[in-house]
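Thanks for asking me to look this over with you. Please open the sequence and the structure side by side, and we can walk through a few places together.

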Amino acid sequence: MKMRFYLTLSFLLVATISAFSQQDPLYNLYLFNQAMINPAYNGTYNMTSVTAITRAQWTGIEGAPVTNMINASTSFRNERLGAGMLVVNDKLGVNSNFEAQAAFSYKLKFTHSQLAFGLQGGVVNYKYNYDALHLETTDPVLTQNHMPNFTKPTIGAGVFFRDEKYYVGLSMPRMLNVDVADGVVTSTRYKQHIYLSGGYVISKFESVKIKPSALIRMVAGGPTTVDANVSVLFLETLWAGVSVRNFQAFGLNAQFTIKNKFRFGYAYELPTNSLYGTAKGTHELMVSLDLELGDGQFALRRYF
């Protein structure tokens with residue numbers, strides 16, 4: 001009986017990995033750094049920034065997704081050009097994906113606004129470790145079909161417009177589909193994604209600002225995800241917000257800023273679907289540093 005249970009669990013886990021890997025990792029703290037979903041965001045501010053985010057999804061469930069991301073970006077040539085780097089390590093069960101990309105942006109500057117065009121490209125490495133399943137008995141389907149590591153190219157593009165009070169972004173950070181036959185199932189990894197984001201800062205109060213924002217994520221042949229968020233900024237220092245994702249997950253987020261250079265963020269998300277009561281929620285942490293390294297760079301206050 002136990003053998004049948006573990007064999008069934010093995011196939012379900014592999015099938016879940018194949019289905020999940022068709023979508024990019026989910027984030028909540030893109031609210032404070034959209035370089036992870038839009039290459040045009042790199043260098044949008046005239047400073048050098050380094051951001052690290054770690055996300056533990058559905059804590060309490062063994063093999064649940066864990067994502068670590070590092071982004072570094074800078075602006076140069078009189079703020080006309082931007083460059084960035086994105087490194088992501090995404091784990092789910094026996095599957096581990098690592099990607100490294102370089103990004104470039106060109107900005108058209110206006111009196112109080114700018115329009116940026118961005119491109120990015122790099123590689124994604126996929127790795128499987130079926131030995132991590134801890135089966136009580138040997139599963140010949142898995143032991144005879146070990147999938148080797150493989151690396152595939154990835155490219156993306158986006159546009160990002162902002163002024164002092166609002167922003168709009170449109171991007172496709174992953175433009176190439178990858179078909180993979182792993183010996184168990186044949187699937188497409190990382191299908192094309194389209195992101196549409198926007199937000200507006202309401203500053204009618206002296207010490208409080210309100211920022212409603214939204215993100216729509218469309219996946220080729222997959223579901224559309226809609227995020228809605230409302231954040232409040234207190235004394236130009238502390239952001240506090242609430243968010244909802246497809247009315248299936250609700251969350252809280254916050255960011256604390258020190259001297260316009262150090263930023264610390266946290267987000268908590270609780271599912272309301274079938275995972276409620278099983279998963280202990282999703283935690284996301286962010287540390288960001290804004291530096292004045294290049295000529296004319298200035299770490300100014302940012303709202304998005």
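Here are my notes, as numbered points.

1. **Ground rules.** This is a predicted model, in which local features need pLDDT of at least 70 and side-chain atom pairs count only at pLDDT 80 or more, while totals for chains, interfaces and linings use all residues. Residues are numbered from 1 along each chain as its sequence is written, and side-chain values use heavy atoms, with hydrogens and water left out.

2. Rolling a probe the size of a water molecule over the atoms shows where empty space is left. A cavity is a set of points, on a 1 Å grid over the protein atoms alone, where a 1.4 Å probe fits but cannot get out, and its lining residues have an atom within 4 Å of a point. Grid points are joined across faces, edges and corners, and a volume is the space filled by probe spheres set on the points.

3. **Around the largest cavity.** Its lining has 13 residues, with Asp-24, Met-36, Leu-86, Glu-99 and Arg-174 nearest the centre. Strand S3 (81–92) and strand S4 (95–109) are the elements that give two or more residues to this lining; strands (E, at least two residues) and helices (H or I, at least four) are DSSP runs, numbered from the N terminus. By class, 8 lining residues are nonpolar, 2 polar and 3 charged. Here Ala, Val, Leu, Ile, Met, Phe, Trp, Tyr, Cys and Pro count as nonpolar, Asp, Glu, Lys and Arg as charged, and the others, Gly among them, as polar.

4. **An open space.** A pocket is an open set of points with protein on both sides within 12 Å along at least five of seven lines. The second largest pocket holds about 330 Å³ of space. Of its 19 lining residues, Tyr-45, His-112, Arg-162, Glu-164 and Leu-300 lie nearest the centre. The lining divides into 6 nonpolar, 6 polar and 7 charged residues.

5. **Gln-34.** Is this residue, at 2% relative accessibility, buried or exposed? Gln-34 counts as buried because its relative accessibility is 2%, and buried means under 20% relative accessible area, exposed over 50%, partly exposed in between (1.4 Å probe, protein chains only). You will find Gln-34 in the loop between helix H1 (2–20) and strand S1 (48–56). The side chains of Gln-34 and Ser-197 make a polar contact of 2.9 Å. That term means a pair of N or O atoms within 3.5 Å; within protein, one must be able to donate a hydrogen and the other to accept it, and residues adjacent in sequence count only if both atoms are side-chain atoms.

6. **Thr-67.** This residue sits in strand S2 (residues 66–76) and is buried, with a relative accessible area of 4%. Its side chain joins that of Asp-90 in a polar contact of 2.6 Å. Pro-25 is 42 residues away along the chain, yet the two C-alpha atoms are separated by 7.1 Å.

7. **Two positive phi values.** Leu-235 is not a glycine but has a positive phi of about 55°; Leu-235 lies in the loop between strand S12 (224–234) and strand S13 (238–245), and is exposed at 63% relative accessibility. Lys-259 has a positive phi near 55° in the loop between strand S14 (249–258) and strand S15 (262–271), and counts as exposed at 71%.
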